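Here is a short tour of a protein chain, written for someone who likes to know the cut-offs behind each term. Take a look at the sequence and the fold before reading on.

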Amino acid sequence: MSYKKLFSTIILSSVFAVGNIVFADSTNSVIDCGKGNSTANLNIYYINDTHGELVNLGKLITELNKIKKSVNPETTLISTQGDMYIGRNHKRNAAMTKLLNIAGVELFTLGNHEFDDGSHQLSKELAKGKFVTLMTNMDIPDGNPLNTLKNQNKLFSSYVMTKNGEKYGFIGAAPIGVNLGLFDKDNQVSVYDPNGTSAALNAEVKKLEEQGVNKIILVSHLGYFGDGGDLEIAKNTEGIDVILGGHTHLEIDGIQTKDVDKTHLTNLVLSKKGEPVVIVQTCGMAKDIGNLKVTFNTNGVIITDSKKNTISNNHIRIDKNSPTDKTIQRIVEKALGVDKVVAVAKTPFVSSGTTEERNLENPTANLLCDAAFEAAKGKNPDVVLVHSPTVRGGLVGEITTYQVKYSMLPFNGQMFYAELTEKDFVDLLNTEALTSMTTDNSQMIQVHGMKYVVDKTVKNPQNPDTICVKDIVFVDKNNNVVRKINSNNPSEKDTVKCVVAGYLFLDKRTKLILQNAKNVQLVGKEQDIVLKYLKKHKSIDAVREGRVTVIEK
Ligand SMILES: [Zn+2]
């Protein structure tokens with residue numbers, strides 16, 4: 001037994017002692033554990049946030065298909081909880097659909113990355129899926145292609161499935177506060193706010209209960225934390241028994257009625273009417289599959305009785321040596337091409353994968369900035385500006401085409417040459433630096449050809465007029481300062497020649513600034529630009545070199 005396994009087992013048993021006290025009183029009126037064979041068992045396998053990681057997912061599915069041979073198919077459920085697709089690579093997303101079908105996935109919900117390629121492409125993919133998509137907290141305008149899925153019996157606000165003679169009701173939720181479907185223009189979907197989401201979920205549960213369905217599962221990409229997150233939804237709704245979650249990339253292992261440490265979060269709470277609700281999630285990137293086993297009583301309430309072993313939650317993991325089924329391997333290679341080493345990171349950068357990392361200078365983003373500067377050399381740019389979330393992961397040892405295309409730059413956005421006034425240039429840096437202080441969706445600007453300071457000690461970061469960027473200097477290749485810009489009084493006449501990530505022309509915060517850009521010209525696509533750079537330079541140093549300095553509060 002691994003340390004981690006042992007630890008979660010200890011937690012499991014100690015928590016149940018607490019769990020029985022907490023849950024017995026409040027649920028006795030509805031829980032009736034002892035009535036013969038009237039309970040219903042469900043064996044759930046759940047996956048979230050694979051972010052298009054086909055290689056890992058192929059190994060996971062190979063393992064899952066092996067496990068499935070020894071479990072009762074009548075009581076088995078396989079669910080995915082959003083951000084399964086990523087970016088705009090059709091081949092890759094189509095291969096994802098194939099793998100989900102091979103895995104026997106039955107349920108799907110819409111995460112934020114499902115919309116990376118627009119609702120039209122998403123609808124085409126989901127139509128090929130042998131699963132149903134659940135969406136309960138989203139307004140889909142009439143002209144949006146997702147509506148066609150409703151006619152094809154692929155998209156539902158709630159869905160009832162019978163397993164082993166028992167009816168189960170399913171609802172789904174998309175993340176709140178994320179701008180979904182930038183490419184959908186007039187037909188963009190909108191997700192309800194936290195109150196609207198609770199109300200919509202409650203209303204859909206009521207409908208299911210009226211049909212006699214009392215075992216209800218929310219397939220969620222709401223994320224665990226915050227207003228309208230899974231934990232809050234569990235406590236503020238009535239009738240949901242299980243929340244299969246995603247979006248936060250948290251491995252919620254075991255069953256805990258209290259936070260034990262950062263990796264063992266509370267995941268068994270009471271609903272508004274005092275019935276237990278269990279919340280689960282995997283860490284994402286197809287590194288693990290969760291396995292939740294629950295037992296429902298005749299009233300459709302989950303039984304949280306450790307002695308009778310009615311509930312358990314474990315994760316199945318794979319590593320790089322785990323085998324892949326041959327059929328799956330062929331699908332993956334056909335979609336992704338052959339993997340090749342293109343360069344080496346002489347000085348490595350190990351990414352922590354946390355959101356905080358996006359609020360600092362990021363050596364992986366430096367690579368994209370350096371490569372874009374070289375690609376635009378003919379236009380003689382001063383600087384390169386890239387928003388943090390466009391790059392993913394670290395740079396360690398051999399860098400391969402798969403890493404560049406499918407891990408580092410999954411969105412493969414376009415890079416543009418654009419001329420901005422000093423004022424708009426400062427406004428762009430400042431707007432995105434302010435988001436790093438006020439939201440979880442930080443897009444702090446990563447750079448080449450310059451240095452700047454983000455001062456988080458400023459007052460009123462919520463006010464868009466607050467200036468938090470300073471000491472902006474342009475540097476040449478020997479790091480000598482060649483120009484200074486006063487962030488408190490930038491010129492409205494002087495021009496800055498930039499290479500800018502295309503996404504910033506679309507994002508609602510930054511497009512208003514960039515609509516003033518002059519002489520906009522395409523430089524190329526992120527993956528091509530970086531692969532060309534790496535093939536030429538062969539080795540890189542992935543280090544922080546003081547391009548962005550952050551003064552913390
Ligand atoms: Zn997400």
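## Ground rules

This is a predicted model, in which local features need pLDDT of at least 70 and side-chain atom pairs count only at pLDDT 80 or more, while totals for chains, interfaces and linings use all residues. Residues are numbered from 1 along each chain as its sequence is written.

## The whole chain

The protein chain holds 13 helices and 27 strands; these are DSSP runs numbered from the N terminus, with helices being H or I of at least four residues and strands E of at least two. Its C-alpha atoms fill a box of roughly 80 × 50 × 50 Å along the principal axes.

## Two nonpolar cores

A nonpolar core is a set of buried Ala, Val, Leu, Ile, Met, Phe, Trp, Tyr and Cys residues joined through C-beta atoms within 7 Å. The largest has 87 residues, and L99, I243, V278 and I279 touch the most other members. Strand β1 (residues 40–47) gives the largest share, 6 residues. Apart from this core lies another, of 64 residues, including F349 and L504.

Beyond four places in sequence, V278 has contacts that include V242, I255, L292 and I311; a contact needs C-beta atoms, placed from the backbone, within 7 Å.

## Strands around β22

Strand β22 (residues 469–475) pairs antiparallel with β21 (residues 450–455) over 4 bridges, and pairing requires at least two DSSP bridges. Here V454 has V469 in β22 as its bridge partner.

Another 4 bridges join β22 to β23 (residues 481–485), again antiparallel, with F474 bridged to R483. Their hairpin has 5 residues between the strands, and N479 takes a positive phi near 70 degrees.

Leaving out residues up to four places away in sequence, G284 touches N48, D49, T50, H51 and H249.

Definitions and conventions:
Contact = placed C-beta atoms within 7 Å. Buried ≥ 20, exposed ≤ 12 C-beta atoms within 10 Å, placed from the backbone.
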